[in-house]
Structure formats: C-alpha cells, structure tokens
2 protein chains.
Amino acid sequence: MQLTAEQITIFLVALTIMLLAAKFFSEIFVKLNQPAVIGEILAGIILGPTVLGMISPDIFEWLFSQNEVALSIDSLITLSVIFLLLVSGLEVDLSVIFKNGKSVTSISSLGIVFPFIIGFGVSYFFPSLMGKEQTGDHFAFSLFMGTALSISALPVIAKTLIDLNLLKTKLGLIIISSAMINDFLGWLLFSLILGLIGAGLHGINFIYTFIFTLLFVIFMLFIGRRIINILLQKVNNKLSFPGSSLSFILILGLVGASFTELIGIHAVFGAFIVGVAFGDSVHLKDETKEVLHQFITNIFAPLFFVSIGLKVNFISNFDFVLVLIVLVLAFIGKVVGCSLGAYLSGFKKNDSYAIGFGMNSRGAMEIILALLGLQFGLIKESVFIALVIMALVTSLVSAPFMNYFIKAKNKLNFINLLNKNRILFSEKNNKTGVLGELVELASKELLISKEEILKVINERENSFPTGIANHLAIPHAKINIEQPFIAVAINKNGIDFGAEDGLPAKAIILLLTPENNNELQLQLLSEIAHSFSSISNSLEIVNSNSQEEIINKIKLLSNAKASLTSASSRQL
Amino acid sequence: MQLTAEQITIFLVALTIMLLAAKFFSEIFVKLNQPAVIGEILAGIILGPTVLGMISPDIFEWLFSQNEVALSIDSLITLSVIFLLLVSGLEVDLSVIFKNGKSVTSISSLGIVFPFIIGFGVSYFFPSLMGKEQTGDHFAFSLFMGTALSISALPVIAKTLIDLNLLKTKLGLIIISSAMINDFLGWLLFSLILGLIGAGLHGINFIYTFIFTLLFVIFMLFIGRRIINILLQKVNNKLSFPGSSLSFILILGLVGASFTELIGIHAVFGAFIVGVAFGDSVHLKDETKEVLHQFITNIFAPLFFVSIGLKVNFISNFDFVLVLIVLVLAFIGKVVGCSLGAYLSGFKKNDSYAIGFGMNSRGAMEIILALLGLQFGLIKESVFIALVIMALVTSLVSAPFMNYFIKAKNKLNFINLLNKNRILFSEKNNKTGVLGELVELASKELLISKEEILKVINERENSFPTGIANHLAIPHAKINIEQPFIAVAINKNGIDFGAEDGLPAKAIILLLTPENNNELQLQLLSEIAHSFSSISNSLEIVNSNSQEEIINKIKLLSNAKASLTSASSRQL
C-alpha cells in the first residue's frame with residue numbers, strides 16, 4: 001500500500017500548510033510575549049472544522065479527510081507526540097528532586113491529591129455538571145477528570161520561572177521539582193486509567209497492565225537509568241558523535257513507547273519515562289540535546305498542536321458554563337493544594353501563594369492528555385475544549401500572579417535593567433570612540449550633559465582599566481541619578497580595555513549607579529561579570545545579531561543550563 | 001482513518017527495528033572505515049524479503065506488510081527522502097562553481113554526456129543486455145539508464161576528498177564543483193523523464209511539465225535565491241532563532257516538493273532545488289544547518305536506506321552478468337568522460353585520472369534514483385539491484401584509485417602524522433610534567449633516550465617560549481631521525497607556555513623533525529598552528545573525549561567549513 005502521486009501531493013501540501021500556519025501564528029504570539037503554543041492551536045482551529053471547514057468544506061475535505069492521506073498525517077502526529085514527550089522527559093532532573101525532598105513531597109502530594117479529589121468528586125457526584133454523557137464508564141470518567149485537574153506542565157513552568165528570573169532561586173527549584181513529580185504521577189495515573197478501560201491491545205488484563213507498568217517504571221528509574229548512563233558514555237566515545245547518541249535516544253524512546261503500548265497503556269508514557277532516564281545521565285551532552293530539542297520542538301511539536309484544532313469544531317462544541325466550572329475547579333484545586341503544601345512545609349504566606357500559582361500552569365501536557373481522553377472516548381468534545389482552554393488560561397496567568405506575590409520584576413538587577421534601546425552595535429576602533437557612543441546614549445536618556453558623564457567615567461578608567469576578561473569591559477561610575485543605568489556596546493572587532501587575559505573587549509557595558517549606593521554598584525558589577533563568566537558564554541552573547549537576541553542570550557545564560565532553557569523557551 | 005492501538009504498536013516496533021538495525025550495521029561499517037550507508041542497506045536486506053522474509057515470512061508480514069502500517073511507514077519514508085534531498089541541496093555552493101568556470105564546464109559536460117551516450121546507446125540498441133523487459137517504454141528506459149550512469153554523488157565525493165585531505169586543493173574544488181553540476185543536471189534529466197512517461201499527476205501534458213520545470217529552476221536559482229537570502233536574514237534577526245530558520249527551510253522545502261510533484265515531476269527534485277537556493281545564502285547559519293543535518297542524516301536517512309532492502313529480494317533478483325555489464329559501463333563512461341574533460345581543460349595526465357575516479361562515485365543519489373525508477377516501473381528488480389551495487393562499488397573504490405594517482409597519503413603533513421597511539425590526556429599541572437610524558441612516548445617509539453630528546457626540547461624552550469595562541473603550544477626541535485614525529489598531549493586545565501595571548505596551553509603538541517630539513521619543520525609548524533587558528537576550533541579539539549575524536553576534529557577543521565564536513569562525514 002503506497003500513496004499515489006496525487007495523494008503524495010495532498011500529503012505534502014497539507015503538511016506545508018499546517019507548519020506554515022503554525023509558524024505564522026506562533027511567531028505573532030511570541031512577539032506579544034505569549035506562549036508559541038497558543039498560536040499553534042489557533043492555527044489548527046483556523047485550518048480545522050471550526051473555520052476552514054465552515055467557509056470551504058471542499059478544501060477542508062480535500063486536505064485533511066481523504067482516507068490514505070489522513071492516515072499518513074495521523075501516523076506522523078502519533079510519532080510527533082511520542083518524540084515530544086521524550087524530550088519533555090529529558091528535562092526532568094531526578095537529582096534536583098531528591099535534594100529538596102521534604103518541601104517537594106509536601107507540595108507535590110497535596111498538589112496532586114487536592115485537585116484530584118475535587119475533580120474526581122465533582123465528576124462522580126455531579127457528572128452532568130462536568131459534561132459527562134449518559135453513556136460511557138462513569139468511574140473512568142471521574143478518574144480521568146481528577147487526573148486532568150491534577151497534572152502540571154514542566155516546560156511552561158520552567159519558562160515562566162526563567163522569565164521572572166527565578167529559576168536559580170530556592171523557590172524556583174522547589175517549584176520545578178514539584179512540577180516534575182506532578183507530571184510524572186499524572187501520566188502514571190492516566191496510563192493506568194487507559195489500562196483500566198482496556199483502551200490498549202485486546203486481551204490484556206488490567207492487573208497485568210498495572211504490574212507491568214509498575215515494573216517498567218521501577219526498572220527504568222533505578223536500573224535502566226544506570227545502564228543508560230553507562231551505555232551513553234560508550235556511545236559518545238566509541239561511536240560517531242553526535243549522530244549515534246541521537247539515534248540511541250530516539251531508538252530507546254521508541255522501544256519504551258512500543259513497550260507501554262504493548263502492555264496496554266499509552267505509547268507516550270513509555271517515551272516520557274525513557275526521556276526521564278536519559279535526562280539524568282551526566283553523559284547526555286548539550287549538543288545532542290540541542291539537536292533533539294530544536295528539531296522536535298520546532299517541527300514535530302507544531303504539527304501536533306495544529307492537529308488539535310483539526311479534530312474538533314471549537315465553536316459548535318463550546319460550552320461556556322462547562323468552561324467556567326472546569327476553570328474554577330482547576331484554579332481552586334491546584335492553587336489551594338500547592339499553597340497549602342508549601343505553607344505546611346515552612347514557606348511564608350506570600351511565597352506559598354507564589355508556589356501555588358507557579359504550579360497552576362497546565363500547558364501542553366494537559367492538552368496532550370485531553371486529546372488522548374477524547375480519542376479513547378473518555379470525554380466528549382465540549383469537555384475537551386474546556387480542558388484546552390483551562391490549560392491555556394492557567395498557563396497565561398501564572399506569571400502575573402507569581403509576580404504579584406513576590407514582586408520579582410521590581411528587583412534592581414542586571415537583567416531587568418537591560419533595555420533593547422540601550423544596546424548598540426559599534427564600529428569604532430578605539431576606546432574613546434566607543435565610550436563616546438555609549439555616553440551619548442546615556443546623556444540623551446538621563447538628561448545629563450555628555451561632558452559630565454565622560455568626566456566621571458574617564459576618572460575611573462584612568463585610575464584602573466575596566467577590561468574584565470572574556471572580551472568584557474565595564475566602564476562604570478557613580479553619578480547623580482535615582483536609578484541605575486546600563487547601556488551595552490557590541491564591537492565585533494574588539495577594543496583594548498586592558499583586561500588581564502589580554503583579550504580585547506567586544507562587549508563594553510556602561511554602568512552608571514546612584515552616588516550614595518556602593519552596594520548596588522558592586523552587586524551589578526558582579527552580576528554583569530557573572531553573565532560573561534566563560535569565554536563560550538561571552539562569545540555567544542557577542543556574536544548575536546540583534547538587540548533582542550543579546551537580551552535573550554544574557555537571560556538564558558544567567559538563568560540556567562543552556563540546554564534546559566533553549567528547549568523551554570518556545571514551549572508551553 | 002486512524003491507526004488502532006495494535007497498529008500503532010506494530011508501526012513503532014517496525015520503526016524501532018529499522019533504526020536499530022540501520023545503526024548497528026552502519027556503525028560496524030564506519031568502524032571499518034567504510035560508508036555508513038552500506039551498513040544501512042545491508043540492514044534493510046536482512047530485514048527484508050531477502051533474509052527475514054525467507055527465514056520467517058510471518059514476522060516479516062506482521063511487521064511490514066499490513067496495509068495501514070505499511071502505508072504509514074511508506075509516507076514517513078517519502079518525507080525522509082524529501083528531507084534528505086533538501087539537505088543535499090544545501091551542500092551545493094553555486095559561487096564555487098562560477099569561480100572555476102572553464103575546467104568545471106569541460107569536466108562536468110563530458111562527465112555527463114559521455115556516460116549518458118554509453119548508457120542510452122547500449123540500452124537502446126541492446127535492451128536485453130541491460131535487463132530491459134519486453135514490455136514498457138523502450139525510449140524512456142534508455143533515457144533512464146543513460147541518466148543513471150551519468151549521475152554523481154556530491155556527499156560521498158566530499159567525504160572522499162576530506163579523507164584524502166584534498167578538499168581545499170584546486171583539484172578538490174574542481175571535482176566538487178563538477179559533481180554539483182552533475183548532480184543537478186542528472187536530477188533535472190530524471191525529472192523530465194518522469195514527466196515524459198506521465199508518472200506524475202494525470203492530465204498534465206509533458207510540454208507543460210517541461211516548461212514549468214524550466215521556469216521553476218530558473219526562478220529558484222536566479223530570483224528565488226535572492227529572495228530567500230533576504231528573507232532568511234529577516235527570519236534570523238526578527239524571529240526566534242534557530243527555530244524559525246529551521247521551520248522556514250523545511251516549509252519552503254515542502255513547498256518546492258509539493259510544487260514539483262504537482263507539475264508532474266518528482267517531489268525530491270523540488271526539495272533539492274530549494275536546498276540549493278538556501279545553501280547559497282550567506283545568512284544560513286551553521287547552527288541551523290547542524291540541527292537539520294544531524295537530525296535528517298541520522299534519523300530520516302537511515303530509515304530511507306533501510307527501506308530499500310525491504311522492497312526487493314536481493315538474492316532471487318540478483319543477475320551477475322547484468323551487474324557486471326552495468327559496472328563496466330559505469331566505470332568506462334564516467335572515468336573516461338571526466339578524465340578527458342579534465343585533460344582537455346589543461347590538467348596533467350595523472351591528475352586527470354584522479355579527477356575521473358573522484359567523479360566516479362555514485363553513492364546515495366544513484367540509489368534514490370534507482371528506487372524511483374523501480375517505483376515508476378521504468379526498470380525491473382534485477383536492474384535496480386545492479387544499480388545499487390554499482391553505486392556502492394564506484395563509491396568504495398574511488399578513494400584508493402585517486403590515492404594511487406596522486407599519492408596524497410604519502411605526503412608528509414600534520415594530519416597524516418597524527419596517530420591515536422601518540423595522543424595522551426595529561427593530568428599534570430606544569431610544563432616539566434607534561435613535557436616528561438610526551439618525551440617518554442617519543443623515547444619509546446623512536447628508541448632515542450629521554451635525556452637526549454629533553455635536552456634539545458628544553459634548549460628550544462628556553463630560548464623562546466613555544467606557547468602559540470588559542471590554548472596551543474608546540475614544543476619542537478630537530479633531532480637525528482628519518483621521519484618527523486608528532487605527539488599530542490591534551491591538558492584540560494591548561495599549562496602556561498608563555499603564549500602571547502596569555503591563554504594557558506591545553507593542547508601541547510611535541511614536534512620532532514629530521515635535522516637537515518628546515519623547510520619541513522616550518523611547514524609542519526604552520527600546519528599545526530593553522531588547525532588551531534581560532535579559539536572556537538581550538539576549544540572544539542581540546543574538549544574531545546577520545547583519541548579518535550581529536551584526530552577527526554583536526555581533520556574536519558583543517559579541511560573545510562565545519563558544516564559541510566560534519567554533514568558529509570556519515571553520508572554516502
């Protein structure tokens with residue numbers, strides 16, 4: 001069985017349109033500082049029965065409804081979700097979890113149990129309120145809704161913490177670790193529900209499914225993880241790099257997916273667990289991770305998120321009351337549960353609320369779960385849509401609420417003081433030239449004369465050169481201003497600022513601070529130096545091509561491991 | 001239409017087995033210093049009707065012959081070939097071709113015309129000799145066989161030149177440029193043959209196909225190329241990087257593929273031309289290329305090459321006489337044609353032969369062409385197998401023959417003198433310590449006492465420090481030996497060797513040369529310094545984890561742009 005030339009054409013045209021629409025809308029949302037996935041889902045709604053199917057049913061049918069083509073697209077999407085869960089698993093760092101044991105246990109257990117009980121309870125006792133149809137397994141439906149409310153989305157939580165500059169803080173680590181456990185238990189629960197309703201292969205008893213799942217998880221996390229660590233080192237050293245490590249991860253991911261599908265739970269769970277086992281290996285190199293992340297999150301993930309809109313008519317199945325109920329229950333369950341867990345483990349009130357709202361993001365994980373629930377007949381279209389909307393809303397409001405409780409954005413630090421209008425690309429070839437450019441910028445914005453600024457800067461410069469190391473120089477001075485001022489000049493040729501390592505300065509960062517605040521100056525100097533603490537970080541920043549790119553790179557490099565962040569920066 | 005849980009399991013298991021077998025055999029062949037693709041094809045033959053289908057027809061049927069699963073795999077393979085041709089197109093650098101106009105025109109035109117006439121002539125006048133069946137279009141068959149003999153494989157040729165350390169030489173550039181044109185015209189010809197036999201969509205007249213193809217090529221190479229260059233810069237700067245540039249390339253690749261499929265020629269041609277248009281852009285960044293190359297050549301390409309063996313029984317359809325005839329004609333046509341072209345454009349006799357054998361590699365391109373020929377009924381199984389074998393044999397013998405004619409391997413240069421037994425990872429923290437280790441190695445191999453070597457080395461070291469720059473130091477001396485000796489110590493902490501840039505030496509390369517040969521010493525010193533000419537190159541070498549990795553990185557970095565080589569290093 002093979003596609004005909006005409007079917008190949010349709011298959012290619014459909015994929016092209018899906019990717020193009022996904023990219024178009026996701027970039028708009030990224031520009032608006034919103035998660036890319038919202039744009040991708042919107043693209044799907046426009047291409048699907050909701051819009052295109054209404055305007056031109058013929059084109060919609062031609063593109064997405066012909067048997068062989070639809071099957072080909074669907075198989076590709078299946079593969080996409082499996083790969084997406086595999087890279088999500090890579091983000092889970094078990095060692096971080098173990099380190100913060102007590103708080104994490106408290107937050108994640110209450111953060112699961114509480115919303116689960118609410119979701120399960122309301123669904124069980126008031127099924128019609130939750131959009132339950134008359135037919136179908138009542139118990140399984142209630143279990144599913146409980147799980148759906150208790151899941152968290154690791155990637156979007158990581159992204160929010162990076163945006164708020166919190167990832168490296170204790171609060172950030174606690175939230176990330178709790179989210180990992182939540183994610184993990186949520187998927188385990190869901191997989192077992194699928195086993196229970198017999199959605200997998202026929203003829204497999206639920207008891208066996210349950211035992212096999214448990215054995216698989218225990219094996220992968222305790223023994224498989226160690227074996228993978230050893231094998232990965234061998235693969236990296238003995239075989240072609242990075243090609244072989246890429247294949248190794250994808251092959252084992254597929255093995256895990258096949259195995260879980262075989263024992264009656266969903267393939268994505270196996271891929272996820274294999275990802276977790278790999279994510280923990282010290283031999284997983286950034287280069288390998290980067291290729292996987294970039295290709296999967298930029299090609300496979302958009303295809304998947306677009307496909308969501310293709311399945312359902314979002315207007316005719318929209319049920320306002322249901323959406324509202326799901327939203328309210330989701331907020332109450334998660335925020336109360338996690339805040340309580342945090343409070344009981346010793347956090348202050350405001351920090352506890354911040355943790356609660358941080359954990360409230362449901363993101364892509366919820367959407368994948370909802371789609372599988374729909375496919376296996378656990379929920380109907382209107383519930384599916386309510387869950388998708390809930391996933392998006394909880395993710396969108398997470399950052400503003402956290403910010404309200406910890407007021408992170410008001411903190412005076414290097415990153416918050418960066419501003420793209422205060423970054424310039426300099427062509428000058430000497431110190432005087434580039435300092436002139438920076439001072440002119442400062443003069444305009446601070447309404448202080450150029451001469452005055454130059455004077456204090458040069459005084460400092462003459463007493464001791466401000467070249468630091470790794471192509472960085474920080475000409476700085478205290479001056480009569482209220483707020484600190486930072487301007488950046490990037491000079492790709494490099495200018496000698498007398499750094500001890502002999503390297504010419506390619507990033508020249510002008511730092512002006514209020515006169516009476518010695519501590520603030522020291523803090524900012526050290527933060528700036530920290531961002532350029534290795535030559536590779538430094539070169540990455542200096543080789544940027546736009547103001548936005550520079551700010552993003554500095555944010556990423558000073559927040560966390562480059563791999564985690566670059567992967568999360570576009571995901572929900 | 002959707003896969004059932006059982007079909008998903010089979011789909012995943014089949015993909016797992018295909019990838020696993022491909023990787024297993026390809027790594028064996030890579031270890032034997034042979035192209036990976038041979039292992040991948042062998043894996044397919046073992047999984048296909050030739051071996052598995054004979055031993056256990058049930059398992060073979062279960063895995064690869066169920067309608068929906070087979071269709072899903074086949075669609076994925078179609079996508080794989082399209083992506084593979086897209087990245088092959090990226091390697092084509094039009095500006096290089098224009099620079100070497102005269103020789104390239106002469107070599108590539110004779111290198112196409114000569115084998116084409118031989119292939120077409122023999123097929124037309126002695127069709128049964130070439131395995132033509134009684135039925136089928138006689139003229140189209142002859143055209144196809146002419147094309148099949150005249151095609152060249154850019155990736156494998158680039159790989160051979162890198163192995164022989166010739167890529168940067170004039171000879172190398174001429175061969176690469178000619179191969180690009182050959183590749184290009186071969187695919188154009190083949191696409192037109194498909195148009196001629198009406199293999200594309202129904203109802204499209206060949207004249208229209210021809211005109212549209214011509215317009216498409218002219219548009220893409222003259223106007224589209226410039227538009228792409230401008231758009232790519234905007235995409236890089238304004239949108240998320242590298243995600244958006246990745247999507248941009250793949251989307252346009254799919255557009256090109258859809259378009260050519262629509263006008264009645266094959267999708268791969270459109271993807272290839274779009275690749276060529278992108279490959280020429282100065283805004284195509286290495287990072288983007290790297291992600292595309294790594295994912296596509298390590299995941300999609302193996303899937304495709306394995307699938308070849310799944311289609312045909314390689315034993316029952318093997319026709320020894322036919323294989324021999326195709327082989328002989330292929331060698332005569334290409335080697336004579338290209339050598340003559342080179343000779344006429346002014347090359348010496350031996351160099352002309354070297355060019356002829358260099359261009360003789362057919363590699364992956366031939367295999368893709370042969371498979372399409374089989375699918376469209378232009379050739380039968382036995383001819384397909386003969387072409388696959390011809391592709392492999394011509395690629396395998398290319399390097400030894402070139403080597404024979406130019407004796408490149410005998411040249412005394414840095415890369416040829418590298419030997420993995422002469423590379424050590426040093427933990428010492430001072431100059432004396434690491435020099436001691438290197439000298440001990442030299443002493444054992446050269447049978448000269450440690451003291452004698454240390455004496456001449458220290459003399460040189462004391463007169464002027466041998467730290468160069470970028471973490472490189474080259475302690476060196478002339479001594480009573482016949483052949484130069486090079487040993488490398490990698491010290492990740494770095495040791496001060498008095499380099500002017502102040503950076504500590506992390507690569508310490510001991511160079512001993514014969515006493516009477518001043519020129520050789522200077523040549524080797526400059527070659528070594530050249531390999532470490534930038535800090536990023538240097539760090540890449542120093543951060544390797546094995547002896548093999550160090551040698552490979554030095555080879556790659558001193559041969560060509562990292563992107564071209566890393567992509568080609570595993571391809572045929």
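Is the crossing in which α8(B) passes α10(B) left-handed or right-handed?

Tutor: The crossing of α8(B) past α10(B) is left-handed; a crossing has that hand if the near helix is turned anticlockwise from the far one by less than a right angle, and is right-handed if clockwise. This is a predicted model, where local features need pLDDT of at least 70 and side-chain atom pairs count only at pLDDT 80 or more, while totals for chains, interfaces and linings use all residues. Residues are numbered from 1 along each chain as its sequence is written, and chains are lettered from A and ligands numbered from 1 in the order in which they are written.

Helices (H or I, at least four residues) and strands (E, at least two) are DSSP runs numbered from the N terminus. In chain B, α8 covers residues 138-150 and α10 covers residues 170-196; their axes lie 10 Å apart at an angle of about 165°. α8(B) is therefore roughly antiparallel to α10(B). Axes are lines fitted to C-alpha atoms, for helices over the stretch in contact, and angles run from 0 to 180 degrees between N-to-C directions. Angles under 35 degrees count as roughly parallel, over 145 as roughly antiparallel, 65 to 115 as roughly perpendicular and the rest as oblique.

From α8(B), the contact takes B:Ala140, B:Leu143, B:Phe144, B:Thr147 and B:Ser150, and from α10(B) it takes B:Gly186, B:Leu189, B:Phe190, B:Ile193 and B:Leu196. Seven residues of this contact of α8(B) with α10(B) are nonpolar, three are polar and none is charged. Two residues are in contact if their C-beta atoms, placed from the backbone, lie within 7 Å. Ala, Val, Leu, Ile, Met, Phe, Trp, Tyr, Cys and Pro count as nonpolar, Asp, Glu, Lys and Arg as charged, and the others, Gly among them, as polar.

A further pair in chain B is α11 (residues 206-238) with α12 (residues 243-262), packed at an angle of about 160° with axes 11 Å apart. α11(B) and α12(B) are therefore roughly antiparallel to each other, and α11(B) passes α12(B) in a right-handed crossing. B:Phe216, B:Leu232, B:Val235 and B:Asn236 of α11(B) meet B:Ser244, B:Ser245, B:Phe248, B:Phe259 and B:Thr260 of α12(B). The contact of α11(B) with α12(B) has five nonpolar, four polar and no charged residues.

By class, the side of chain B that touches chain A has 31 nonpolar, 20 polar and nine charged residues. The contact takes 60 residues from chain B and 60 residues from chain A. The copies meet through the same surface, because 100% of the interface residues of chain B are also interface residues in chain A.
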